[in-house]
Amino acid sequence: MTHPTDDPRVIVPSDERYNATLVERHDETDTLAYFSVRFDGEPVPFEPGQYMTIGVMADGKLWQRPYSVASAPVETANGYEFYVRHVPIIRFTTLLWRLQVGHPMRMAGPKGRFLLEPADARTHLFVSTGTGIAPFISMIRETMAQRKPRKTVVLHGVSYADELGYRDVLEGWERDGAYPVRYVPTISRPADPRNAEWTGRTGRVEGVIDDVCRDLGLRPERTVVYICGNPDMILNVERVLMGRGFPEFHVKKELYWPKGKEVAAPSGG
Ligand SMILES: Cc1cc2nc3c(=O)[nH]c(=O)nc-3n(C[C@H](O)[C@H](O)[C@H](O)COP(=O)(O)OP(=O)(O)OC[C@H]3O[C@@H](n4cnc5c(N)ncnc54)[C@H](O)[C@@H]3O)c2cc1C
């Protein structure tokens with residue numbers, strides 16, 4: 001495991017390319033954190049599902065990566081919220097993990113076509129692993145703010161229960177009826193001591209998606225599916241859905257990295 005402190009690059013504290021500031025940071029586990037980055041000038045509008053590119057200068061070079069926005073477009077005054085996994089190789093996240101609140105950053109965007117269809121009355125099935133849940137949180141927050149909620153099922157897979165980002169938020173919306181969402185978390189390593197207290201669903205998302213569709217009565221003609229995160233998971237889920245008769249154009253995908261480019265240690269997406 002490469003720890004952020006193993007990264008020898010010198011982070012540049014001020015540079016003319018910086019146009020934003022890290023205004024909030026909350027570490028959920030050692031390797032998962034929420035970051036909020038605010039433009040120093042006016043916020044730029046975006047649509048839920050889009051991503052921004054954030055970066056920082058180190059050793060005279062700008063290091064930057066795309067991240068799905070988890071906050072709603074109506075919330076940009078507080079910055080854009082991102083949910084990020086630390087990848088244990090010396091590239092961008094080893095720099096990001098070393099930044100304290102108040103550090104300047106470079107931010108650009110928005111970009112991306114992983115968008116909600118206007119006024120889509122179908123049930124929305126949001127499938128993700130790891131940090132791939134971020135764009136779905138933005139979509140729910142925005143349609144909630146607009147008072148145009150959509151019937152939604154959130155299937156989220158992680159290795160360990162403490163990696164279920166936004167769990168409290170989703171359980172809260174489901175419990176108090178603030179949003180018509182059915183939250184279905186699943187844990188892929190139930191035998192691990194870290195999951196000792198987990199009593200919920202187990203298995204990888206591609207392993208449980210068939211049961212979830214059957215149990216919740218999700219029919220191809222009345223459901224639109226959005227899948228985000230790990231490319232292998234996306235292809236596997238898509239294969240299962242095709243087998244259940246979902247037409248390809250009812251399935252939208254956002255890949256966080258190209259297929260076949262796995263790093264050994266991190267799991268999920
Ligand atoms: C459109 C888009 C949106 C993205 N949104 C997010 C997001 O909201 N949150 C987020 O954490 N990442 C997101 N990513 C991935 C992100 O851009 C970086 O690739 C990632 O943070 C790792 O950066 P790096 O420079 O350390 O390593 P990179 O060189 O960028 O990636 C190296 C390897 O790390 C692995 N990896 C990359 N991202 C993840 C991840 N999220 N979880 C597990 N393994 C990963 C892959 O095997 C990849 O080949 C997104 C990518 C794209 C294309």
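Q: Which residues come nearest to the ligand?
A: R65, P66, Y67, F92 and K261 come nearest, out of 24 residues around the ligand. A residue is near a molecule or strand if one of its heavy atoms lies within 4 Å of it.

Q: What kind of model is this, and which pLDDT does a local feature need?
A: This is a predicted model, in which local features need pLDDT of at least 70, side-chain atom pairs count only at pLDDT 80 or more, and totals for chains, interfaces and linings use all residues. Residues are numbered from 1 along each chain as its sequence is written, and side-chain values use heavy atoms, with hydrogens and water left out.

Q: Back to the ligand. Where is the polar side-chain atom of R65?
A: That atom of R65 lies 2.7 Å from an oxygen atom of the ligand. For reference, a polar contact is a pair of N or O atoms within 3.5 Å; within protein, one must be able to donate a hydrogen and the other to accept it, and residues adjacent in sequence count only if both atoms are side-chain atoms.

Q: And which polar backbone atoms come in?
A: A polar backbone atom of Y83 is 2.8 Å from a nitrogen atom of the ligand. A polar backbone atom of F92 is 2.8 Å from an oxygen atom of the ligand.

Q: How much of the ligand does the protein bury?
A: The protein buries 91% of the 870 Å² that the ligand exposes when taken alone. Accessible areas come from the Shrake-Rupley method with a 1.4 Å probe; for residues, only the protein chains shown count as cover.

Q: Which elements give two or more residues to the shell?
A: Those are β4 (61–68), β5 (80–85) and β12 (251–255). The largest share, four residues, comes from β4. Helices (H or I, at least four residues) and strands (E, at least two) are DSSP runs, numbered from the N terminus.

Q: How do the shell residues divide?
A: The shell around the ligand has 13 nonpolar, five polar and six charged residues. Ala, Val, Leu, Ile, Met, Phe, Trp, Tyr, Cys and Pro count as nonpolar, Asp, Glu, Lys and Arg as charged, and the others, Gly among them, as polar.

Q: Switching to rings. How many aromatic pairs are there?
A: Rings of Phe, Tyr and Trp (its six-membered ring) pair if their centres lie within 6.5 Å; planes under 30 degrees apart count as stacked, over 60 as edge-to-face and the rest as tilted. The count by this rule is twelve aromatic pairs. One has Y34 and Y166 with ring centres 5.0 Å apart and planes at 80 degrees, so that pair is edge-to-face.

Q: What does the pair tie together?
A: Parts that are 132 residues apart in sequence, because Y34 lies in strand β2 (residues 32–39) and Y166 in the loop between β8 (152–158) and α3 (167–176). Y34 and Y166 are buried. There is also an aromatic cluster formed by F114, F126, F136 and Y226.

Q: What is phi of Y166?
A: Near 65 degrees, a positive value in a residue other than glycine. D59, also not a glycine, has a positive phi of about 50 degrees and is in the loop between β3 (51–58) and β4.

Q: Which peptide bond is cis?
A: The one from G109 to P110, with omega near 5 degrees. P110 lies in strand β6 (residues 104–111). Most residues other than glycine have a negative phi, and most peptide bonds are trans.

Q: Last one: which backbone nitrogens lie 3.1 Å from a polar side-chain atom of T29?
A: The backbone nitrogen of T31 does, and so does that of L32. T29 is in the loop between β1 (20–27) and β2 and counts as buried at 14% relative accessibility.

Technical notes:
Buried means under 20% relative accessible area, exposed over 50%, partly exposed in between (1.4 Å probe, protein chains only).
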